[in-house]
Amino acid sequence: MTQSSDSEPEKTKAKAGAMIVPVTPFEQNCTVLWCEATRKAVVIDPGGDVPNIREAIAKAGVTVEKIWLTHGHIDHVGGAAELRDALKVPIEGPHVADKFLLDNVVASGARFGITGVRDFAPDRWLEEGDRVEIGELAFDIFHCPGHSPGSVVFFNKEMRFAHVGDVLFNGSVGRTDLPGGSHETLIRSITQKLLPLGDDVGFICGHGAGSSFGQERMTNPFLTGEF
């Protein structure tokens, strides 16, 4: 996937490229996202299968400078510590409310038969209103609890693009039956923080195909009141 936008008379807008790497039996969408101008990249949610992620990085021909985490569930963070050590780059995110999850990655992995993971802390916790950057790309941070207490969404206003983790899916929303989850809180995060950003905003999510906020506002049964 390549996200780009038309040129302005005096300034060329930044362009991004992305490659999705499904990882672990959970088929989680680990995402390699990069700035086309600089070829600097970030890996979002390296849940595991680190050799596959590194192979994708090499195939893309980019230089990874950061790891971003949308939240602390094992399928999104299982490979984070290993990848940080291998690439010697900082981890940014999620919100500190997910600290209890990152403190228990090993125990969480054991419940699913996942070994070789480590408990860890990010180099930077992210808060509502923070900004993160990679190359010429800047993303605003929205704290969107509900699926997990510390879930965050990365939003680039210029490209009308977001990475939403497991907050919102194509035709569904994140599960809320895990520790710290709340369906009411999740729906409030989506309707009060994400949908107001605009129907034209396209997104990558943590599992399955992406969509747009407009498509989900109109057809997602969890947002239309059918569920």
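## The largest pocket

Helix α5 is the top contributor to the lining of the largest pocket, giving four residues. Keep in mind that this is a predicted model. If you want to find α5, look at residues 105-111. Two other helices, α2 (74-77) and α4 (99-102), also put at least two residues each into that lining.

As for the space itself, the largest pocket holds about 460 Å³. It is lined by 22 residues, and the ones closest to its centre are His73, Ile74, Asp75, Phe112 and Leu178. What kinds of residues make up the lining? There are 11 nonpolar ones, alongside seven polar and four charged.

## Where α1 meets α3

Now turn to helix α1, which covers residues 50-60, and helix α3, which covers residues 80-87. Their axes come within 10 Å of each other and cross at roughly 45 degrees. An angle between 35 and 65 degrees falls in the oblique range, so α1 counts as oblique to α3. The crossing of these two helices is right-handed.

Which residues make the contact? On the α1 side they are Val50, Ile53, Arg54 and Ile57, and α3 answers with Glu82, Leu83, Ala86 and Leu87. Sorted by class, this contact of α1 with α3 has six nonpolar residues and two charged ones, with no polar residues.

Where does Pro94 lie? You'll find Pro94 in the loop between β6 (91-92) and α4. That is the α4 that also supplies at least two residues to the lining of the largest pocket.

The other is Thr24, a residue other than glycine with a positive phi, near 65 degrees. Thr24 is in a loop too, between strands β2 (16-23) and β3 (28-35).

How values were computed. Residues are numbered from 1 along each chain as its sequence is written. This is a predicted model: local features need pLDDT of at least 70, side-chain atom pairs count only at pLDDT 80 or more; totals for chains, interfaces and linings use all residues. Side-chain values use heavy atoms; hydrogens and water are left out. On a 1 Å grid over the protein atoms alone, a cavity is a set of points where a 1.4 Å probe fits but cannot get out, and a pocket is an open set with protein on both sides within 12 Å along at least five of seven lines; lining residues have an atom within 4 Å of a point. Grid points are joined across faces, edges and corners, and a volume is the space filled by probe spheres set on the points. Ala, Val, Leu, Ile, Met, Phe, Trp, Tyr, Cys and Pro count as nonpolar, Asp, Glu, Lys and Arg as charged, and the others, Gly among them, as polar. Axes are lines fitted to C-alpha atoms, for helices over the stretch in contact, and angles run from 0 to 180 degrees between N-to-C directions. Angles under 35 degrees count as roughly parallel, over 145 as roughly antiparallel, 65 to 115 as roughly perpendicular and the rest as oblique. A crossing is left-handed if the near helix is turned anticlockwise from the far one by less than a right angle, and right-handed if clockwise. Contact means heavy atoms within 4.5 Å.
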